[in-house]
Amino acid sequence: MSSFDRRTLLISLAALAGCGFTPAYGPGSSGGALRGKVDILAPDDRESYTLVNRLTDQFGPTQTPLYRLAYRITTSRNQIGITRDQEILRYHVAGEVEYTLTDITTGRLLAKRKASSFTAYSATGSSVDTLTASRDAYDRLMVILADQMVSQIITTVDLPAELPA
C-alpha cells in the first residue's frame, strides 16, 4: 500500500469518526439494542415463513421481547416474456410488506413503514423446473424485503439509550 493510499484511508476514517458515524451493530447502536428483543408475528404461509426466518436471522432469536414486529405481505405476479405462440417464458414477481414496530411495555408505535421490491423467474423447462424457480423467486423476494425492513428499522427508529437488563 503506498503512502498516498494510507493517507487517504486515514483521512477517510477521521472524517467518518468526526461525522458521528457509528456501526449499525456496534455497542450502543440500534442493531445491537434490538438483538434478541424483537418478537416477530408468527408466520402463516410459505412467504411469511421465509420472511420471519430471515428477520430472526437478523434480529436473533427472541430472548427478552421488548418490541413487537407485525407485518402484512402482498405479492403480485405478471407475465413478462410471451412468445408468438402465447407461451409464457418469464414472470415478474413484485412484493410489499407493510410493518409496524411497537414497544410492548408502553404500546407506543415506534415505526409504521413499507418495504417493496421485485424479482423474476424463468418459466422455461419442465413444470417441476418452473415450480422450483417460482418458489425460489418468492423466497428471494422475502429475503430482500426482510433485509429492507431491518435496514429501515436500524437506521430510522429511535430506541431508548439504555435498555432494561
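**Exercise 1. Describe how strand β3 is joined to β4.**

Solution. Strand β3 covers residues 88-103 and is connected to β4 by 13 bridges, the two strands running antiparallel. Strands here are DSSP E runs of at least two residues, helices are H or I runs of at least four, and both are numbered from the N terminus. Two strands pair if DSSP finds at least two bridges between them. Within this pairing, Y99 has R113 of β4 as its bridge partner. The model is predicted: local features need pLDDT of at least 70, side-chain atom pairs count only at pLDDT 80 or more, and totals for chains, interfaces and linings use all residues. Residues are numbered from 1 along each chain as its sequence is written, and side-chain values use heavy atoms, with hydrogens and water left out.

**Exercise 2. Give the strand order of the sheet, and state which strands stand at its edges and why one side of each lacks a neighbour.**

Solution. Step one: the sheet is open, with four strands in the order β1-β2-β3-β4 and mixed pairing. Step three: direction ignored, neighbouring strands are turned by 25° against each other on average.

**Exercise 3. Is T50 buried or exposed, and which residues does T50 contact beyond its neighbours within four places in sequence?**

Solution. Start with location: T50 belongs to helix α3 (residues 46-59). T50 counts as buried because its relative accessibility is 14%; buried means under 20% relative accessible area, exposed over 50%, and partly exposed in between (1.4 Å probe, protein chains only). Beyond its neighbours within four places in sequence, T50 is in contact with D139, M142 and V143. With D139, the contact includes a polar one between the two side chains, at 3.2 Å. A polar contact is a pair of N or O atoms within 3.5 Å; within protein, one must be able to donate a hydrogen and the other to accept it, and residues adjacent in sequence count only if both atoms are side-chain atoms.

Methods:
Contact means heavy atoms within 4.5 Å. Axes are lines fitted to C-alpha atoms, for helices over the stretch in contact, and angles run from 0 to 180 degrees between N-to-C directions.
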